[in-house]
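Look over the sequence and the structure before reading on.

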Amino acid sequence: MKAACVENGAIHVRELPDPEPGKGQALVRTHSCGLCASDAHFLTGGQHVIDLSRRMGGPYAALDYARAFVPGHEFVGEVIDYGSGSRRPVAPGRRVTSVPIMRQGGAHAVVGFSHACPGGCGELMLLDEDFLIEVPEGLPDDHAAMIEPLAVGLEHARRGRPGKDDVALVLGCGAIGLGVIAGLALAGIAPIVAADFHADRRELALKMGAHIAVDPRETDPYGPLPDLGGRRVNLVYENVGVPGMLQRIIESMPFDGRLVMGGYCMEPEPLYVFAAQNKRLNIQFAGGEEPQDMELALRRIADGRIDVTPWLGGRIGLGGVAAAIANLSGPGTPVRTVVDPRMM
């Protein structure tokens, strides 16, 4: 199969052997795959994650950074076949998405960050049959590829245990931050404050359900907010993932505040524990989505209650992956560029 691979921190288009499904594994032909900021972070900070996994026994421990692997964990594709002895829960020819985790065969691998489980930047994938979610007819491929990033935002939103008395602040309005806003809005949380440097992202935040959107260089999102009658935020969702953010947020948060860390920072992050202790802060580290979040994301995209159309930029082939990953952020860039591995 053809695939865009990560190899020694760079993207190359390669011809690779077709993956062969084992028991409990589905062979899937990729239709669309979104490019995520974590893919870009992994190009520069991935070795840190691998080393940490090796010390702790994490899912990235078997990954060799110098050896080609196929990224892409936001995908939709068509079931082709299953390994011998599989349950075959979705008929071949039907489209599916999935939590990007493989647990069959006694291993725990992250699809798109594994030599054994190539991601959606290749023509073929192996998916765990226990996690397959069938995509309904009529839902476009590119919209279906947004189920996974939306599900991550929905997971982060609920991890904060939001309630009717909270004033929520969402830092960073990429796909995950927008998903957090959508999740808070679905739960009836109000008001929701969004903060992002870029005007186009702030506009999208308002469309997803934020009540006000500020440029943090111009308006202190932690101070009394005139548009909210002088109220202050007490529940913060971080979706940026750059070094130094955690400590800066701690210093800015109010006493007894709650913080959900969702941004993937792949570099060491300094933390002065006393600063958080002094304010009695509750800090929740959020991870990836769970099947319940995927199911909810699918339903809400399919029924139109969450419109991901504004997230979508251009479609590219494998030859455009390297340039697209290098330009995932900045003013005017789309929330998601979608790869079709059938295109070059």
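## Helices α4 and α5

Helix α4 (residues 175-186) and helix α5 (residues 199-208) have axes that come within 9 Å and cross at roughly 25 degrees. The two are therefore roughly parallel to each other, a label given to angles under 35 degrees, while over 145 counts as roughly antiparallel, 65 to 115 as roughly perpendicular and the rest as oblique. α4 passes α5 in a right-handed crossing. From α4, the contact is made by L178, I181, A182 and A185, and from α5 by R201, L204, A205 and M208. These residues divide into 7 nonpolar, no polar and 1 charged.

Helices (H or I, at least four residues) and strands (E, at least two) are DSSP runs, numbered from the N terminus. Axes are lines fitted to C-alpha atoms, for helices over the stretch in contact, and angles run from 0 to 180 degrees between N-to-C directions. A crossing is right-handed if the near helix is turned clockwise from the far one by less than a right angle, and left-handed if anticlockwise. Contact means heavy atoms within 4.5 Å. Ala, Val, Leu, Ile, Met, Phe, Trp, Tyr, Cys and Pro count as nonpolar, Asp, Glu, Lys and Arg as charged, and the others, Gly among them, as polar.

## Basis of the model

This is a predicted model, in which local features need pLDDT of at least 70 and side-chain atom pairs count only at pLDDT 80 or more, while totals for chains, interfaces and linings use all residues. Residues are numbered from 1 along each chain as its sequence is written, and side-chain values use heavy atoms, with hydrogens and water left out.

## Helices α3 and α8

The axes of helix α3 (residues 147-159) and α8 come within 8 Å and cross at roughly 115 degrees. This crossing is right-handed. On the α3 side the contact includes I147, L150 and L154, and on the α8 side it includes M294, L296 and I301. The contact residues divide into 9 nonpolar, 1 polar and 4 charged.

R300 lies in helix α8 (residues 291-302). Is R300 buried or exposed? R300 counts as buried, at 17% relative accessibility; buried means under 20% relative accessible area, exposed over 50%, and partly exposed in between (1.4 Å probe, protein chains only). Leaving out residues up to four places away in sequence, R300 touches L186, R305 and I306.

## The parallel sheet

Strands of a sheet pair through backbone hydrogen bonds, either parallel or antiparallel. Two strands pair if DSSP finds at least two bridges between them. Here 6 strands form an open sheet in the order β12-β11-β10-β13-β14-β15, with parallel pairing. β12 (212-214) and β15 (282-285) are the edge strands, each pairing on one side only. From one strand to the next, the twist averages 20 degrees.

Within this sheet, strand β10 (residues 168-171) and strand β13 (residues 235-238) pair in the parallel sense over 4 bridges. L169 stands opposite V236 in β13.

## A buried strand

Strand β8 (residues 124-128) has 5 of its 5 residues buried, so it is largely enclosed by the rest of the structure. L124, L126 and D128 point one way from β8, and M125 and L127 the other way. Strand β3 (residues 25-34) pairs with β8 in the antiparallel sense over 5 bridges. The bridge partner of L27 in β8 is L126.
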